[in-house]
Amino acid sequence: MKLVIALHHPFVLWRAPSWLAEKLAIDFPQITVYPTTSYDDLTSGIVDADAAILWSIRPDQLAGATRLRWIHSPAAAVHQLMYPELVNNSVVVTNAREVHGFVVAEHAMALLFALGKRLPSAMRYQQKKIWAQQQIFDEQPGPCEIADATIVLFGMGSIGREFTKRAKALGAKVVAVREHPERGADGADRVLSNLDIDKVLPQADFVVLAAPVTPQTRHVINENTLALMRRDAYLINVSRGPLIDDLALADSLRSGGIAGAALDVFAEEPLPPDSPYWDMENVLMTPHTAAVTEKLWPRQYQLIEENLRRFLAGDPLRSVVDKHKGY
């Protein structure tokens, strides 16, 4: 059996660490581990591979991989793989949603506190050496309490479930909006269908996006849904940029349609210099660092190792993606 590793990225943490292939070769001496040096190298390397760990693969490369039976993505989002040739292929796709869920939920909580407690304002005043107790209190909206706040949570996968645990522990009310409400509330106070999001947006102090990108979720935050949110409400996105219509959100933030936004992900990354978000004081941005942690790859390895053992034994894999749904 041959396992290809093709994890090339400008950001060092998203690259395969050198020890990954070495440890796999030691733990699984019966397989050939083939780490690629570039995506061009993937074209030849994937031809006789049975499995692959990668971020993406071109349709022509997939067509040449006649033995390929399993692709593992170290990301939670796999929309870049959901093109027709792969969706309709028998190759099983797994992702790392279990690896990233609680870490991204922690980041979402940090953004929630930062907005609610007006921390960006405090930092701006600090840089100017202004003791801004009165100024921050007078801001509209001013500092708020997380306890008893109403959070509309769009998406109830691994991130949403972990976020709900933390928000409920603080005394917040969580209204979950998910594609399949029949699967239950998973700890939230209420659960509704994606189709019913308009009914709960006017109640939200915070709207948190934690859903995958699908045709149904793309631009779920748009001119119409933003108009339903209160002027003192905040938007937080820790899932994927395409869930937001950026032009509509920028207009709402400029006009005071909503109080502010905290964004970790964007439709185009790195965020272009001409994006209006850079200059907006009511926008808190983090550069797609919600899942960044020094413990990322040890946790990735645990999942890869278990699934590789299952794959060799012919057992069902963990974290299998429904390719027709896109997550």
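Which strands does helix H12 lie across, and at about what angle does it run to E4?

Entry one, the numbering and the model. I noted that this is a predicted model, in which local features need pLDDT of at least 70, side-chain atom pairs count only at pLDDT 80 or more, and totals for chains, interfaces and linings use all residues. Residues are numbered from 1 along each chain as its sequence is written, and side-chain values use heavy atoms, with hydrogens and water left out.

Entry two, the helix. I found that H12 (residues 296-313) lies across E1 (2-6), E3 (51-54), E4 and E5, and runs at about 170 degrees to E4. Helices (H or I, at least four residues) and strands (E, at least two) are DSSP runs, numbered from the N terminus. Contact means heavy atoms within 4.5 Å. Axes are lines fitted to C-alpha atoms, for helices over the stretch in contact, and angles run from 0 to 180 degrees between N-to-C directions.

I read an open, parallel sheet of five strands, ordered E2-E1-E3-E4-E5. Its edge strands, E2 (32-35) and E5 (92-94), each pair on one side only. Two strands pair if DSSP finds at least two bridges between them. From one strand to the next, the twist averages 15 degrees. Three bridges link E4 (residues 70-72) with E5; Ile 71 has Val 93 in E5 as its bridge partner.

I listed seven strands in the order E8-E7-E6-E9-E10-E11-E12, forming an open sheet with parallel pairing. Here E8 (190-193) and E12 (283-285) are the edge strands. I saw that E11 (residues 260-263) runs parallel to E12, joined by three bridges, and that Leu 263 has Met 285 as its bridge partner in E12.
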